[in-house]
Structure formats: C-alpha cells, structure tokens
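Here is a short briefing to read with the structure open beside you.

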Amino acid sequence: MRDIALTLFIVAGLLIALRVPFVGMLMWVWVALMNPHQETYGFASTFPWNLIIAIVTIGSWLLSRERKMPRGALTTTLMLTLLAWTTLNTFFAFDPPFSWHYWDLAWKTIAMCVLAGTLAVNRNRFHALVWIITISLAYYGIKGGLFTLFTGGHNRVLGPPESMLSDNNEMGDALVMTLPFLNYLRLHSGARLVRIALVIGMVLTVTAIFGTYSREAYIALAALMTAYWIQSARKITYPIVAVAVIIPLLLFMPRSFYERAESIGQYGTDASFQARLDSWWVAYRYAMDNAPFGAGFYGLNLQGVWDRYLPGEMHAAHSIYFQALGEQGIVGLVLYLLVLAIGFRNMQRVRRDARGSQELLWAENLAGAMQLSLLAFCVGGAAAPMAFFDLPFLLISLSAALLVTLEPKTGLRPFSIPRRLGSRREVLSHTGP
C-alpha cells in the first residue's frame, strides 16, 4: 500500500512539474534528503525515483521560460570546477569502475543543486525549499525523538537504510543541520499552531540527536548552540530556554548515553578514535603518493588501498576533509574547501546587506540559519564520511541565489569586477559602502 501511495504521489507531482519545473525541484530535494522510498517495502524501494524526477525537471526547465543561466557566477564556477576535477580524478582512481558508480551520484547532486539556485528567484521559492528541507529531515528528528522517548534512550536512532544517512553519525549530523531551519520557520510562520508544532519538532529533534549516540553530532550540537548564542540578541533568554530543554533530556537518558559522551575525552585509548586516525593517515598517504590525484569516490573503502599502508585493516574515511583529500587528491580538497568558503562568504554578505531592513529581515534570518547549518556540517563532518551530502551543496547554491535576489533591493553587485580598476569611486560603487 505504501508503494502504491508513494508512486501515485510522485507521478502526480511529475505531471505538475511538466508545466512548473520548480515543483520538480521540490520533489527532487524531498526524495534526495528524506529518501521516502526507503519507508516502503516493495517495488518503490528500489525504483530510481531521483533519476526520473531529475530528468523530468531538467527537461521541463529547458522547455520553459525560466531563466537558464545559473545565479552567482563565482559560486557556480567553483562548484562546477569541483565537479570537473572529480570527473578527471575518477579516470585515475584506484578502481575506476567502482568509483564511477558514486561519481554518477555526485554529479547529479551538484548539477541539481546548481539548478535549484537557478530556479530560486523570489522569497516564496526560498521558503518553499526551506519547508521541504525541514520536513524531509525533521521527519526523522520527530520519529527518532519519539523512538528515543518510548525506548528509554537505550537504542540508537538510525537513518533511512541504503542512504548516506543510514549510519547514526551521519543521521545525527543531518539532524543538527536541521535545527536552524526549524527555528527559522518558527520565526517566520504566522499561524500559532504551526509555531508550536515547530517548537515541539525542535525538542524532539534534539532528543533524536541524543538518541543517535553520535559523538560527532554532540560536538556539532554544542558548536551550533554556541554559534547561535553569539548571533542571538537575547544573550540571557536563549541560555535559559536551552537549559530548560537540555537538562530534562540529560536526566532522562540512560547510563549508556553518558558512557558514550564521556568517551569523547578518552580519545587516547578509544579504539574508534584510533581507527579514525588510521583512516586519516591512509587518506593523507595515498593523496601524497599519488598527487595530484586521489583514490576516487569511496576508494578509501577498498581493501587494496589499505593493504598498501596498513595490511589487513580497513575503516571509512570518517572526515569530510580527509575523505576529500584521500578520494579527490590535494586539488580536490582545495576546491572543496573553496566551495565551503564561498558559501559562508555569501551567507555573511546577505546578513550584512540585509541588516537593518525590516523588509529584508527574512533574508537576514535565512542566511543566518543557512550559515549555522553549514557550520554544523563542517564541525560534525570533521569526523563523518559525508563529503558529498546533498544539503551543503544545496545551501551553498541557494546562498548565491539569495545574494543575487537581494541585489535590486540593496544596490550591491555581488563579487563583481569594475570595468576600470583605476577608479576608486567606481570600485566603491560596485562593492558597496
């Protein structure tokens, strides 16, 4: 029954997407992040929904009157340059046939995220995308939070099977990334019942994060809370609310939760942390020995790579940075870091340019939420192998689109180059006061 219901829903959405490409984009984000087909048990669970949705959306977009040029030239150029490098690198991978399968997933992710930024041309579309992102991941936050409460916190919260979020660590990091958007929607929802539901969703999502037993997620959550406090104008109210939520949850969690959390400080003797060190060392050595190329997508998960350095052992990369280095080489890591950096830069510029304007308050708050979410990814991802997770690339592309959207209102031209570099007045007119 679930398979039939999901199929009918997606088919109906695709029919609308034939006329409105943005609807197809919303569906792609939903399927990419939530993996609803993994909640079914029959034919729908293995059907390539994302590919079908991507084909229909791209075809509809090409035939529509929607803008065709991506928004944010520098951001788009960096993302496509990263894609081009990973393509070239895959030819020189340790096992090219193995890595090409994962490259096929990565290129579609980057291409569709660029398209999302191209289609996000107004406030309503940004809000629609935020709602889809939030619903897709908060579903597991609410579900995982209830699971944690009903089981007394004794069992780990996991993500959808056969997905990048199936592991507790990746699921925990994704849930931390969701919290800023739950709060953003709370701030900008007019209906009181919706705001209450979002607050409940935030509490259950934090509960689910505790229930993942992911130390990376705990660190990311702590970093997120600290960064939010720094951003917040309510320096006293916010800690009081945070303590009122966190303390009861801490008292509820069983002893096993504390043993897991305490192991963060025991990295010198923790076997899991030592395995991470081994994986980082192997990633570094392979990248240096085969510079400028790396082992290819998920090449660090191959026994043959490990046998070169630590025969008989094998662990996942457990770091977006070492994963990018080991899989894509030093050039790939530099490009990856530049993509992250330009995303943070876009978000900070939106916050700065929109500050003080009541009309643009939504944009300032949205950029702040995106920045916090990306920060959580960068912190939690330091110990999780999710370098090509869809959401960060989507946020970075949307950050460029948001900056361009504000251009007519702020009079600023993002990352433009003046025609005559010799004129200081002209430089200032392009870059803002």
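Residues 416-433 are the stretch to treat with care: pLDDT stays under 50 there, and the model has 13 contacts beyond four places in sequence for these residues. Where pLDDT is low, the predicted coordinates should not be read in detail. This is a predicted model, and over the chain the mean pLDDT is 89, with 93% of residues reaching 70 or more.

**Backbone features to look up**

- Most residues other than glycine have a negative phi, and most peptide bonds are trans.
- The peptide bond running from A291 to P292 is cis, with omega near 5°.
- You will find P292 in the loop between α12 (271-289) and α13 (303-307).
- Y298 belongs to the loop between α12 and α13, and its phi is positive, near 60°, although Y298 is a residue other than glycine.
- E162 is not a glycine either, yet has a positive phi of about 55°.
- E162 sits in the loop between α6 (123-150) and α7 (168-187), where its relative accessible area of 73% makes it exposed.

**How α1 and α2 meet**

- Helix α1 (residues 2-17) and helix α2 (residues 21-34) have axes that come within 7 Å and cross at roughly 145°.
- On the α1 side, the residues in this contact are L6, F9, I10, G13, L14, I16 and A17; on the α2 side they are P21, V23, G24, M27 and W30.
- Sorted by class, the contact of α1 with α2 has ten nonpolar residues, two polar ones and no charged ones.

**Cysteines**

- A disulfide is a covalent bond between the sulfur atoms of two cysteines.
- How many disulfides does the model have? The count comes to zero.
- C113 is in no disulfide, and its nearest cysteine sulfur, that of C378, is 15 Å away.

**Aromatic pairs**

- The model has 24 aromatic pairs by the count used here, and two of them are described below.
- A pair of aromatic rings is described by the distance of the centres and the angle of the planes.
- The rings of F92 and F293 have centres 4.2 Å apart and planes at 15°, so this pair is stacked.
- The F92 and F293 pair links distant parts of the chain, 201 residues apart: F92 is in the loop between α4 (73-91) and α5 (96-119), and F293 is in the loop between α12 and α13.
- F92 is partly exposed, with a relative accessible area of 46%, whereas F293 is buried, with 17%.
- W280 and F322 form a stacked pair too, because their ring centres are 5.3 Å apart and their planes are at 5°.
- This pair also links distant parts of the chain, with W280 in helix α12 and F322 in helix α14 (residues 320-354), 42 residues apart.
- W280 is buried, with a relative accessible area of 17%, while F322 is partly exposed, with 28%.
- Elsewhere, F210, Y213, Y218, F257 and Y258 form one aromatic cluster.

**Two buried serines**

- Where is S214? S214 is in the loop between α8 (192-211) and α9 (215-231).
- S214 is buried, with a relative accessible area of 0%.
- Not counting residues up to four places away in sequence, S214 touches N168 and N169.
- S214 and A261 are 47 residues apart along the chain, and their C-alpha atoms are separated by 8.3 Å.
- S99 is in helix α5 and is likewise buried, with a relative accessible area of 0%.
- Leaving aside neighbours within four places in sequence, S99 is in contact with T90, A93, A295, G296 and F297.

How values were computed: Residues numbered from 1 in each chain as written. Predicted model: local features only at pLDDT ≥ 70, side-chain atom pairs only at ≥ 80, totals over all residues. Heavy atoms only, no water. pLDDT = per-residue confidence, 0-100. Contact = heavy atoms within 4.5 Å. Helix = DSSP H or I, 4+ residues; strand = E, 2+ residues; numbered from the N terminus. Buried < 20%, exposed > 50% of the residue type's maximum accessible area, 1.4 Å probe, protein only. Axes fitted to C-alpha atoms, helices over the stretch in contact; angles between N-to-C directions. Nonpolar A, V, L, I, M, F, W, Y, C, P; charged D, E, K, R; others polar. Disulfide = S-S within 2.5 Å. Phe/Tyr/Trp six-rings, centres within 6.5 Å; stacked < 30°, edge-to-face > 60°.
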